[in-house]
Amino acid sequence: MGKISYIPKGVCSRQIDVEVEDGIVKYVKFTGGCNGNTQGVAKLATGMKAEDVIRLLKGTNCNGRGTSCPDQLSRAIELAMAED
């Protein structure tokens with residue numbers, strides 16, 4: 001089981017906790033960031049295939065930052081998959 005606490009870069013959220021098991025996102029929790037948006041993204045990602053979440057979210061840009069909380073989640077999931 002891949003479970004990590006990821007420190008995102010370039011976004012408002014301060015931490016993303018992610019658990020991936022057998023290629024499925026089992027748990028996502030954002031600390032900080034836009035509360036409603038991060039809760040929504042976490043709920044949508046939970047239960048999905050990790051590869052699908054990465055494909056959908058990677059590269060999402062927030063206000064020209066070159067990244068976003070969803071993009072950072074995709075990076076966290078990639079790292080959690082390596083631990084799985």
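Predicted model: local features only at pLDDT ≥ 70, side-chain atom pairs only at ≥ 80, totals over all residues.
Asp22, which sits in the loop between E2 and E3, takes a positive phi of about 55° although it is not a glycine. Most residues other than glycine have a negative phi. With a relative accessibility of 66%, Asp22 counts as exposed.

## The largest nonpolar core

The largest nonpolar core holds 21 residues, of which Ile16, Val18, Val28, Phe30, Leu73 and Ile77 touch the most other members. Two or more residues come from each of the strands E1 (2–6), E2 (13–21) and E3 (24–32), and likewise from each of the helices H1 (35–45), H2 (50–57) and H3 (69–83). The element that gives the most to this core is H3, with five residues. In soluble globular proteins, nonpolar side chains tend to be buried together.

Leu73 illustrates how these parts meet: leaving aside residues up to four places away in sequence, Leu73 touches Ile16, Val18, Val28, Phe30, Val41, Ala45 and Leu57.

The buried residues of H1 are Thr38, Val41, Ala42 and Ala45. Viewed along the axis of H1, these buried residues fall within an arc of 100°, so they line one face of the helix. Gly36, Lys43 and Leu44, by contrast, are exposed on the other side of H1, while the buried residues of this helix pack against E3, H2 and H3. Gly47, which follows H1, has a positive phi, near 95°.

In H2, the buried residues are Ala50, Val53, Ile54 and Leu57. Around the helix axis they cover an arc of only 100°, and therefore lie on the same side of H2. Glu51, Arg55 and Leu56 are exposed on the other side of H2, whereas its buried residues pack against E2, E3, H1 and H3. Just after H2 comes Gly59, with a positive phi of about 90°.

Thr67 counts as buried at 7% relative accessibility, whereas Asn63 counts as exposed at 74%. Asn63 also has a positive phi of about 50° although it is not a glycine. Apart from residues up to four places away in sequence, Thr67 touches Lys9, Gly10, Val11, Thr60, Asn61, Cys62, Gln72 and Arg75.

The side chain of Thr67 is joined to that of Asp71 by a polar contact of 2.6 Å. The backbone oxygen of Asp71, in turn, lies 2.5 Å from a polar atom of the Ser74 side chain. Ser74 is found in helix H3 and is buried, its relative accessible area being 0%. Not counting residues up to four places away in sequence, Ser74 touches Ile54, Leu57 and Lys58. Gly33, 41 residues from Ser74 along the chain, has its C-alpha atom 16 Å from the C-alpha atom of Ser74.

## Cysteines without disulfides

A disulfide is a covalent bond between the sulfur atoms of two cysteines. A search of the whole structure finds zero disulfides. For Cys34, the closest cysteine sulfur is that of Cys12, at 5.5 Å, which is too far for a bond, since a disulfide requires two cysteine sulfur atoms within 2.5 Å. Cys69 is likewise in no disulfide, and the nearest cysteine sulfur to Cys69, again that of Cys12, is 6.3 Å away.

The two residues may also be described by their accessibility. Cys34 is partly exposed, with a relative accessible area of 47%, whereas Cys69 counts as buried at 15% relative accessibility.

Terms used. Residues numbered from 1 in each chain as written. Heavy atoms only, no water. Core = buried A, V, L, I, M, F, W, Y, C linked by side-chain atoms within 4.5 Å. Buried < 20%, exposed > 50% of the residue type's maximum accessible area, 1.4 Å probe, protein only. Helix = DSSP H or I, 4+ residues; strand = E, 2+ residues; numbered from the N terminus. Contact = heavy atoms within 4.5 Å. Arc of directions from axis to C-beta. Polar contact = N/O pair within 3.5 Å; in protein donor to acceptor, adjacent residues only side chain to side chain.
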